[in-house]
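Here's a quick briefing to read with the structure open beside you. Have a look around the fold first, then work through the topics below.

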Amino acid sequence: MKPFRKWIVPLFPVLFLAPGSSGLASEFGAEVNPTGQPIGGGAGYSAGPPWTPSARRADSLESLQQALAVAVPGDVVWIESNRVIDLADAQLTVPSGVTLAGDRGRNGAPGPLLTASSSRLEWRIRLQRGSRLSGIRLRGPNPPLGEIDAVKPPASVYAVSCVDAEVDNCEISRFHRGGVVLFRDSEHSHIHHNDLHEIAAYPVLLGNGTGAGHLIEANRIEWAWHAIASNGSRGSGYCARYNLFIRVKRPVAFDQAGADPPNWCLDTHSNSGAPTKPPRPATRKLVVQYNTFLAHPDVRVGDGGDLLQSVGSYPKHDIYVGAADGITTHVDIHHNRFLMHATSGSANPYKPYGRAIRLVGFRGDARLPDDPQAERGAWKVDLGENRFSGAP
């Protein structure tokens with residue numbers, strides 16, 4: 001596998017513009033970024049919580065647990081710079097209204113590092129409503145994606161479980177199944193300016209029971225099995241904007257036993273769940289604007305001609321939406337850049353590098369070919385202008 005993180009840097013040396021930059025309507029992709037902060041956070045990020053003498057300071061697991069246990073809304077729990085804290089088998093809960101922060105990017109600081117050894121815990125950090133996680137690094141026990149074929153990954157575990165909270169300027173890596181996970185009763189979480197990489201599946205996941213008000217913006221996300229996924233719930237949905245999505249080469253282990261793992265970057269689809277549970281239909285809303293979708297040069301591209309049998313062809317469905325009976329699915333996709341490294345030869349403008357956008361069961365829009373599956377549910381679709389090109 002090529003050293004992908006080094007390879008990508010020259011392509012996007014500066015990924016933020018000053019606030020108030022104009023011309024959004026005529027520009028495309030994450031480079032537009034009007035947030036005034038760098039995509040992925042880190043060096044140059046200035047929107048984190050300030051350190052104050054009143055902040056509760058922590059430099060060990062014990063002091064961190066104690067500070068969180070007594071923190072009240074409005075408090076900042078500050079992890080000292082350059083500290084490395086092993087969470088061992090501990091789970092951290094950030095109370096409502098409390099901020100857990102570090103100095104990632106400040107004066108070149110890498111940020112404090114929390115390491116999570118292998119365990120069968122469902123999550124490592126839980127953010128309660130109105131809390132914030134900012135400026136820290138969280139590293140799980142998973143091997144890098146390039147080594148998964150040789151090393152059996154540990155048990156699945158989520159890095160951060162989030163309910164109507166904020167996660168910004170964090171680097172989260174080496175978790176097997178879930179970087180930032182939005183679960184039941186979460187409606188308006190804000191996930192922004194993070195660097196999510198070496199996460200085998202679901203860097204961002206909307207679980208069952210989430211709402212439709214989530215904003216996911218200005219993140220740098222490497223992915224091999226989805227970047228943002230919704231497993232389906234009647235009210236779920238999100239807006240993804242100004243993100244840089246980087247597809248990395250998929251480990252061979254993902255293809256074992258004849259499986260055909262997902263190949264789409266952003267998805268939301270119906271999920272029947274266990275027989276004892278009611279079906280979970282697809283989302284009500286998906287807004288995708290001003291993102292850049294970049295494929296690894298080693299990833300092969302299918303021609304999109306056979307959408308249902310794709311083993312071995314690595315078809316490109318960057319955005320995949322499955323409608324559901326009985327609800328209206330709202331989709332708004334515009335001003336994104338789709339970049340590949342090989343062409344399929346298709347003359348269809350929405351299928352030049354494999355099929356970039358797939359709306360399952362969608363019919364009757366000249367900008368997209370009709371989907372081969374049976375029409376389902378009701379659609380309200382706004383497909384604005386997007387850009388499709390080969391190697392950048």
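Let's start with strand S20 (residues 237-241), which is mostly covered, as four of its five residues are buried. Here "buried" means under 20% relative accessible area, "exposed" means over 50%, and "partly exposed" is in between (1.4 Å probe, protein chains only). Helices (H or I, at least four residues) and strands (E, at least two) are DSSP runs, numbered from the N terminus.

Keep in mind that this is a predicted model: local features need pLDDT of at least 70, side-chain atom pairs count only at pLDDT 80 or more, and totals for chains, interfaces and linings use all residues. Residues are numbered from 1 along each chain as its sequence is written, and side-chain values use heavy atoms, with hydrogens and water left out.

**Around S20**

- S20 pairs with S17 in parallel through four bridges, and two strands count as paired if DSSP finds at least two bridges between them.
- Within that pairing, Ile216 has Ala240 in S20 as its bridge partner.
- S20 also runs parallel to strand S23 (residues 285-289), this time over five bridges.
- There, Arg241 stands opposite Gln289 in S23.

**The eleven-strand sheet**

- S20 and its partners belong to an open sheet of eleven strands with parallel pairing, in the order S1-S2-S5-S8-S11-S14-S17-S20-S23-S26-S29.
- Strand S1 (56-58) and strand S29 (378-383) are at the edges with a single partner strand each, so one side of each has no neighbour in the sheet.
- On average, neighbouring strands of this sheet are turned by 10° against each other, direction ignored; axes are lines fitted to C-alpha atoms, for helices over the stretch in contact, and angles run from 0 to 180 degrees between N-to-C directions.
- Strand S14 (residues 190-192) is joined to S17 by three bridges, running parallel, and Ile191 has Ile216 in S17 as its bridge partner.

**Asn219, tucked into a loop**

- Asn219 lies in the loop between strand S17 (214-217) and strand S18 (220-223).
- Is Asn219 buried or exposed? Asn219 is buried, because its relative accessible area is 0%.
- Its side chain reaches the backbone oxygen of Ile191 at 3.1 Å.
- Asn219 touches several residues beyond four places away in sequence, including Ile39, His192 and Tyr242, where contact means heavy atoms within 4.5 Å.

**Strand S10 and its partners**

- All five residues of strand S10 (residues 158-162) are buried, so S10 is largely enclosed by the rest of the structure.
- Strand S7 (residues 123-127) joins S10 through four bridges in parallel, with Ile125 opposite Val160.
- S10 is also joined to strand S13 (residues 180-182) by three bridges, again parallel, and Ser161 has Val181 in S13 as its bridge partner.

**Helix H2**

- In helix H2 (residues 61-70), the buried residues are Leu61, Ser63, Leu64, Ala67 and Leu68.
- They cover an arc of only 165° around the axis, which means they are on the same side of H2; the arc is that of the directions from the helix axis to the C-beta atoms.
- The face turned away from the buried side of H2 carries the exposed residues Glu62 and Ala69.
- Among the elements covering the buried residues of H2 are S1, strand S2 (76-79) and strand S5 (99-101).

**Cysteines**

- Cys162 counts as buried because its relative accessibility is 0%, and Cys265 is buried with a relative accessible area of 0%.
- How many disulfides are there? The count is zero, taking a disulfide as a pair of cysteine sulfur atoms within 2.5 Å.

Methods. A polar contact is a pair of N or O atoms within 3.5 Å; within protein, one must be able to donate a hydrogen and the other to accept it, and residues adjacent in sequence count only if both atoms are side-chain atoms.
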